[in-house]
Amino acid sequence: MSKGATMEAIERLYRTRYVDFLRTASALANDREAGRDAVHDAFVAAVRSRRRYRSEGTLEAWVWPMVVRNARKRRISSELPTNGNLAEPIWTDADRDEAAPIRAAVARLPDRQRLVLFLRYYGGLEYEEIAQVVGVRPGTVAAQLHSAHEFLRHRLEEVRV
Amino acid sequence: MTEENATIALLLDEVIPRRLDDGDWRRVVKDAAAPRRTRGRRRPYPLQWRLGLAMTVVAVAIIAPLSALAVANDWWFLGAPSAPAPAGDIVVLESGSWNNVPWVLTAYRSQTGGVCVSFTPNPPDGRTTDASSGHTAAMGCTADLPGLSPSPGAHTHAIGFIGSSSLPSVPSPFPDFVAGPTADNVASVKVELASGKQLEIDTFAAPRSLGLSLRFYVAAVPSGDTVRAIVATDHDGNVLDQLAVPQPPSTSQTNGSTTPNSSTGGVEWGG
């Protein structure tokens, strides 16, 4: 088991996966700039604490929870002052009206299902990887994704009707 | 990927389109190398956020070293000068012992229509056998929870908190703590710590004698860590409310070994 992560490895991860980190963090924070800040802060923390990394999992699996945590903290800052209604996230990347139904449907998903959904579709993670980030079993990830798919399908069908 | 999943992927792409973006690795390296306390934010928090922070602290803690506490009618907090008077019994919600020091979590309905929550080591008077030990009591009151009598125009929250935050320079055998009331539908509370770790605490119902449909939580904070945020969730994991916890000033100290970690946005105190 190696100790610590190299700057080169962290930089490589940043450069190859930045867009996926950014999209996931933006979705969690409900704001692209907040997502950008979250990814930035997560990688600053990763660089600072790189000596604490242990290679039991991948470097990416070590960084993801930092990104998620920072994005969730940013969500606090972006939602609270606006209207205090935490059940209705505010999507500032909303200049595309055709996305409104899916946006509204996603906003109504339970928090954990939303996280799993974002990690899957914006982060591009496999079930095992999501399970590591979220701290559940892969089977739970599959079940939550299934529930999210069902919910979204029903909601979108309602909209189409 | 199934057709359905592909459809969802396409729809989600519309919500947050995949755009070319390289980030700013040089800035990451620069900020990581900068001293933590002097590192400037790239984007200052907007005024809205700072106001929001003050507004969301629904319970104000009064914290003092036990050696300085006045004791009245057994419970120390009844002697606190600006504490709202009880409208019912002082109810023991939970009790325990950390590092061989007993503690209790109590609450009462206030005459101003709120709830007051107190954490007391060495109950009931909070006196300690060793004044330098740093054992600390705390109390907070709020009316901004469902079922209470919120101030006009106040936003109702699903959670409130009190807590303590020791200064690293004054080691204490008794851990810091976080506790508070929640709305009736809060099943668990996630406490996000500065270290990045997270505590998940199940809430418990108040005894009927309290006369309020609230739930409560209490937990010790791991040594050397501080609370950054508190998240209330329901049985399905849905986030009901979130509070950012103001960090204690690093240079000040309140009468000894601790500083309050929530000191703004009073709801009932000071009236």
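The model is predicted: local features need pLDDT of at least 70, side-chain atom pairs count only at pLDDT 80 or more, and totals for chains, interfaces and linings use all residues. Residues are numbered from 1 along each chain as its sequence is written, chains are lettered from A in the order in which they are written, and side-chain values use heavy atoms, without hydrogens and water.

**Strand β8 of chain B**
- Strand β8(B) spans residues 188-193; strands here are DSSP runs of E with at least two residues, and helices are runs of H or I with at least four, numbered from the N terminus.
- Of its 6 residues, 6 are buried, so β8(B) is largely enclosed by the rest of the structure.
- Buried means under 20% relative accessible area (1.4 Å probe, protein chains only).
- One face of β8(B) carries S188(B), K190(B) and E192(B), and the other carries V189(B), V191(B) and L193(B).

**Its partners**
- β8(B) pairs antiparallel with β9(B), residues 198-202, over 5 bridges; pairing takes at least two DSSP bridges.
- S188(B) faces D202(B) in β9(B).
- The β8(B)-β9(B) hairpin has 4 residues between the strands, and G196(B) has a positive phi near 100°.
- β12(B), residues 227-233, also runs antiparallel to β8(B), with 6 bridges.
- There, E192(B) is bridged to A229(B).

**Nonpolar cores**
- A nonpolar core joins buried Ala, Val, Leu, Ile, Met, Phe, Trp, Tyr and Cys residues through side-chain atoms within 4.5 Å.
- The largest has 55 residues, and F43(A) and L117(A) have the most contacts inside it.
- Helix α1 of chain A (residues 7-29) gives this core its largest share, 10 residues.
- A second, separate core has 24 residues, including V91(B) and L212(B).

Terms used: Buried < 20%, exposed > 50% of the residue type's maximum accessible area, 1.4 Å probe, protein only.
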